[in-house]
Amino acid sequence: MSALEWFAHKPLGGGIFWIQERFYESGNRANIWLVRGSQRDVVIDAGLGLRSLPDYLRASGLLAPQEGAAPRPLLAVATHVHFDHSGGLQHFEEVAVHSAEAAALLRGDNYEAVTWLSDREVARPPRPGWRARHFRVPPVRPSRLLQEGDVISLGDRQLTVMHMPGHSRGSICLHDKDRKILFSGDVVYDGSMIDWLPYSRVSDYVASCQRLMELVDRGLVEKVLPGHFNIFGAERLYRLASNYISQAGVCHKVSTCAMRSIASIALRITNSRVTS
């Protein structure tokens with residue numbers, strides 16, 4: 001299967017494109033965002049990596065420079081290193097990730113990447129004989145380590161890094177302040193917020209949700225482009241963040257701790273089988 005078959009995209013206007021992996025039919029299927037700038041293009045998250053995303057971007061004309069202009073550099077930014085977002089980073093020359101998860105990406109740590117993929121989630125295998133049990137996020141050396149407050153310049157637009165741990169220790173959002181757009185990764189999306197994975201932490205998640213609510217209160221976000229599911233607005237962002245905070249009491253923390261223990265054991269067993 002070619003990259004042109006595996007991916008599909010939808011233009012959203014303003015130099016933003018919504019890309020998805022067509023045959024990865026799972027709630028874990030991550031949204032991929034291409035943001036084009038005057039001097040640099042940025043891909044936010046990279047999917048599983050079963051086919052080359054840069055090949056798709058070139059073949060579909062999404063990276064085509066204006067007539068007479070040189071090709072723009074392309075940077076892939078991982079909002080975090082979970083497998084559904086980071087598997088495709090292997091195909092990019094320039095990769096950025098928050099420093100808290102850089103070591104995991106560099107060593108190909110599939111425990112921290114929470115790699116969990118089944119054959120039934122892939123409707124059309126990318127090649128004959130492919131099996132999900134062989135899938136691994138390979139080691140990738142990041143070319144840029146991100147910190148809170150860093151600015152990724154695309155020329156005519158700037159993306160500000162917001163470190164928002166909770167879902168994972170290195171989770172980030174990217175904030176286009178001028179256009180009031182938030183690329184939220186898995187910090188928040190219109191679904192159940194997951195805080196029971198290895199390196200998830202409820203107290204961090206509460207603090208991150210408080211920051212999200214402050215963005216809305218200050219009128220700094222109008223549109224959220226999340227890591228999963230559909231786009232939503234400021235009112236829904238505020239409700240999702242406030243609902244999480246209101247439910248993050250003692251009972252929630254106890255149940256989350258139990259679920260994290262189970263998930264950790266399952267991931268250890270799964271990754272030991274793949275490695276052996």
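Buried here means under 20% relative accessible area, exposed means over 50%, and partly exposed is anything in between (1.4 Å probe, protein chains only). The model is a predicted one, with local features needing pLDDT of at least 70 and side-chain atom pairs counting only at pLDDT 80 or more, while totals for chains, interfaces and linings use all residues. Numbering runs from 1 along each chain as its sequence is written, and side-chain values use heavy atoms, leaving out hydrogens and water.

Trp-6 and Phe-23 are both buried. There are 8 aromatic pairs in the structure, counting rings of Phe, Tyr and Trp (its six-membered ring) with centres within 6.5 Å; planes under 30 degrees apart are stacked, over 60 edge-to-face, and the rest tilted. Trp-6 and Phe-23 make one of the tilted kind, at 6.1 Å centre to centre and 45 degrees between planes. Since Trp-6 belongs to helix α1 (residues 3-6) and Phe-23 to the loop between β2 (16-21) and β3 (32-36), the pair ties together parts 17 residues apart in sequence; helices (H or I, at least four residues) and strands (E, at least two) are DSSP runs, numbered from the N terminus. Phe-23 also has Arg-124 over its face, 4.7 Å from the ring centre, a charge counting as over a ring if NZ of Lys or CZ of Arg is within 6 Å of the ring centre and within 35 degrees of the ring normal.

Then there's Phe-83 with Phe-135, an edge-to-face pair at 6.3 Å and 70 degrees. Both of these residues, Phe-83 and Phe-135, are buried too.
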